[in-house]
Amino acid sequence: METAAASPPHVPVLIGPLIAACSPVQGTWLDGTFGAGGYTQRLLDAGADKVIGVDRDPAVFKMAQWTIENPAIELVENTFSNLDAIATDLDGVVLDLGVSSMQLDQAERGFSFMRDGPLDMRMGQEGRSAADIINEANETDLADILFTYGEERASRRIARKIVSERDREPIETTLRLAKIIEGCLPRSKPGQSHPATRSFQAIRIAVNDEYGQLAEGLEAAERALKPGGYLAVVTFHSVEDRMVKRFLQQRGGGMGNANRYSPVMETEKPAFEITSKKAIGPDADELEMNPRSRSAKLRVARRTDAPAGAVDRSKLGMPQLKDKR
């Protein structure tokens, strides 16, 4: 008989630099991507009085038995884009934007082309699945998704092949889709990523509206944090890091004037103090211990006492699908 783990088995990426940047850790924090609970446990170990763990995946909470007898942990099934409806006056918000290894390892979730499973990819297990998009979207829309969210240069060729293959038989499994994509691209060289990597990333982002969720989550964090509270975000690819960087620049008063000859505009008081201008990456020890941290970047900012304000999303560098209107 299996027993519930006494603590989370997950080693959080960049947790050491995060704790150092937000020290002293205290009060109430919200872990907006609870996953296996690694950040939550380390925040409590560092001095937080309470952590509210939020995740959109109901399967996460079935595996979180180790939290049941800990009154300092409150679990909420929701998306972090709604975090200010869950709690306010927070001392800190942490978001780890990497896909959970638990989700990748479960073939039935359909996130990975390394294991055969149904084309699903839904983090919250509701709404349109990857199979719905692959089998129902027209060729132009499929190509737009692959190019915009995956930066896949062969997007049109892949979309054309997907439509051709689904006309013969619906595409319902991860391995079939991966083979279709693989057949459209040159064979990868040693050390290169699998040919389907970009396309699978693009489809997952579309299924879960990941960029929209990130923009809303950053805005919600600004509203939920108390003065002096910390926002800490760990990203794993350049688009997400760019969005976080530009959000903090915009809300931290770092955008500046577009034209040095234009009149100086009176700006509102910054809502964030950016604690480090450059993103923080893993050191050599973490890279050796956890190769997954290779592409990780941490950005941290501290909330000021300025009122929460509006964000110009057009300046976040958020990829947008073509307007079909």
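Mentor: Start with two terms. Helices (H or I, at least four residues) and strands (E, at least two) are DSSP runs, numbered from the N terminus. Contact means heavy atoms within 4.5 Å. This is a predicted model: local features need pLDDT of at least 70, side-chain atom pairs count only at pLDDT 80 or more, and totals for chains, interfaces and linings use all residues. Residues count from 1 along each chain as its sequence is written, and side-chain values use heavy atoms, without hydrogens and water.

Trainee: What do the buried residues of H12 pack against?

Mentor: They pack against H11, strand E5 (225-235), strand E6 (272-274) and strand E7 (297-303).

Trainee: Which residues in H12 are buried?

Mentor: Buried means under 20% relative accessible area, exposed over 50%, partly exposed in between (1.4 Å probe, protein chains only). Among the buried residues of H12 are Val239, Met243, Phe247 and Arg251. Just after H12, Gly253 takes a positive phi of about 75 degrees.

Trainee: Which residues have the most contacts inside the largest nonpolar core?

Mentor: In soluble globular proteins, nonpolar side chains tend to be buried together. A nonpolar core is a set of buried Ala, Val, Leu, Ile, Met, Phe, Trp, Tyr and Cys residues joined through side-chain atoms within 4.5 Å. Here the largest has 66 residues, and Leu83, Leu90, Val93, Leu177 and Leu231 have the most contacts inside it. Helix H11 (residues 210-224) gives the largest share, 7 residues.

Trainee: Why does this core lie between domain 1 and domain 2?

Mentor: Domain bounds come from an automatic or database domain assignment. Domain 1 (15-101 + 211-324) and domain 2 (107-210) both give residues to this core, so it lies between them.
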